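Here is a friendly walk through one protein chain, written for reading beside the model. Please keep the structure open as you go.

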Amino acid sequence: MPVNRIEVESSGGVQTYPYDNQSTAESDRSNPGLGTVSRPLTYLKYRDKVSWFAVFYRAVPEAVGVAGVKYAFSPSEIKWRRIFWMTLVALGLGVTGYQVVERTLYFKSDPKSVDISVDYVTQHRFPSVAICNYNVFRASATAHTEFGDFLESYTFEYPNMDYTPYRSMLESVNITDLYLRNGHRPRDSILAVRWNQDSSLSWANLTTRMTDWGVCFVFNDHENGLPDLTTFSSGRIHGLQIVLDVQQFDYFYDPKVTQAVGFQVLVYDRGSLPLVEGSGFAISPGRLTLTALEVTETTNLIPPHGQCGSRNLKYFDEYSHNACLQECETDFYLKQCGCRALHMQDIWVRNKFCDCPPDCFLRTYSPTVSQAEYPGTFWSSKFERLHGLNESYVRENICDLNVYFKEMSVQRITQKKDYNFFSLLCDIGGSLGLWLGGSILTFFEIVDLVFHSSYLYSKSKPKHGHKVAPSERK
């Protein structure tokens, strides 16, 4: 039976340990004192004692399938050839290691990409339209009252105003009731409404709603209980046409101290919370305002790739970023002063206390606004017959607002995971193949080599204190 030998060089000469290729049990019986080894070793030389590195070094050429390794680690090759290939293998390992680390760090950063597409549709869900007069309180309802005197003093004396004479009135007033009672009324402000060629609508089809701007009139409001409005065509005649009276003669002082005249208009997704202050646009009397809408639907990713999310709200049935901010500010003011402000736009409160992630899905309507003089010379004289208003009043108070879709398309912006675990594996495999001629399995070969070398080292190391018999010496 052929016998392999393990030779160990020491100061006393070369000592040889025979090793049988048969089973561990047979090897133990024929070679007492020699540890068990699962695989044969053929003439492996070590200095002083069995070295793990020597076992590892000798096993590399056959254990790792990397191009050039068999030349770099083979003792039968000439020195310069081994150095040459060892240098190439080391450079390949260095470049591969760098790319593996770089790709791994990129994977850990949870990268995302944004997919933008334009899809053409057969119908559009019509948005809600909030219309808010720049004037908050009517002079006919507020002038010559204690509250009217307060507004006048506030306008001219703030911030050095003395609130003492008005404290009792301010502490007993209900702000919501005050705004609704003294604000502009829809039956006086809305002269005509037409939706998708339906001229039978009136001011009663609009909802009066409190917003951050004050009293607003909302067309297609979610709270009116009516079903969604949809349109199947683009253009003015398939949208909303509404004639408004700004009632400039009834303007009065207000807390905003707004010196402009007209309406603030906000187009927003039905069912969401309207924030008119920051997102609306202005229309002025004596103008036809054309508002062509483009629809954008945005889908955001949740962490770790994105930042969107949701949470349960106390004052709203469904989560939205704006509703969350409104609720957060409401709770803050209730805690601080025991009251709820009508409009809460305190940016400091939002940034410091509010944890409101962005919406995971958001539909927005981007308006393109253009204006023309309204009415024309010909129609100026006809307004008195149509609405009972003279030409001068029309030019100073009447606004014609048209809201419609620019085209039957939707721009979709979708966040997507840009790099997943399998992409990382492909990049690692590509780097191994390019620089070392290896693959993902090469990593497992190296791991297997490390553990297997440790196993061979533990089994082939002579027992402590074992003396080699003269007959076993070479």
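What follows moves from the whole chain to a few local features.

**Ground rules.** This is a predicted model, in which local features need pLDDT of at least 70 and side-chain atom pairs count only at pLDDT 80 or more, while totals for chains, interfaces and linings use all residues. Residues are numbered from 1 along each chain as its sequence is written, and side-chain values use heavy atoms, with hydrogens and water left out.

**The whole chain.** The average pLDDT (the predictor's confidence in each residue, from 0 to 100) is 79, and 76% of the residues score at least 70. Residues 1–48 have a pLDDT below 50, and this stretch makes 96 contacts beyond near neighbours in sequence; a contact means heavy atoms within 4.5 Å. For residues 465–474 the pLDDT also stays under 50, with 10 contacts beyond four places in sequence. Where pLDDT is low, the predicted coordinates should not be read in detail.

The chain has 17 helices and 16 strands. Helices (H or I, at least four residues) and strands (E, at least two) are DSSP runs, numbered from the N terminus. Of the 474 residues, 40% are buried, where buried means under 20% relative accessible area, exposed over 50%, and partly exposed in between (1.4 Å probe, protein chains only). Among contacts between residues at least 6 apart in sequence, 72% join residues at least 24 apart.

**Helix α16.** This helix covers residues 421–435, and its 15 residues reach 21 Å from first C-alpha to last, close to the 21 Å expected at 1.5 Å a residue; the expected span is 1.5 Å times one less than the number of residues. Which residues of α16 are buried? They are Leu424, Ile428, Gly429, Ser431 and Leu432. These residues cover an arc of only 160° around the axis, so they sit on the same side of α16; the arc is that of the directions from the helix axis to the C-beta atoms. Phe422, Cys426 and Leu434 are exposed on the other side. At the start of α16, a side-chain oxygen of Asn420 comes within 3.2 Å of the backbone nitrogen of Phe422. Just after the helix, Gly437 has a positive phi of about 70°.

**A buried arginine.** Arg363 belongs to strand β15 (residues 361–373). It counts as buried because its relative accessibility is 18%. Beyond residues up to four places away in sequence, Arg363 touches Arg125, Asp269, Val295, Thr296 and Glu297. Two of its side-chain polar contacts are tabulated here. A polar contact is a pair of N or O atoms within 3.5 Å; within protein, one must be able to donate a hydrogen and the other to accept it, and residues adjacent in sequence count only if both atoms are side-chain atoms.

| Side chain | Partner side chain | Distance |
|---|---|---|
| Arg363 | Asp269 | 3.4 Å |
| Arg363 | Glu297 | 3.2 Å |

**Backbone details.** Strands β8 (residues 206–211) and β9 (residues 214–219) run antiparallel and are joined by six bridges; strands pair if DSSP finds at least two bridges between them. A cis peptide bond links Pro303 and Pro304, with omega about 10°. The bond from Tyr374 to Pro375 is cis as well, with omega near -10°. Gln247 has a positive phi near 55° and, at 8% relative accessibility, is buried.
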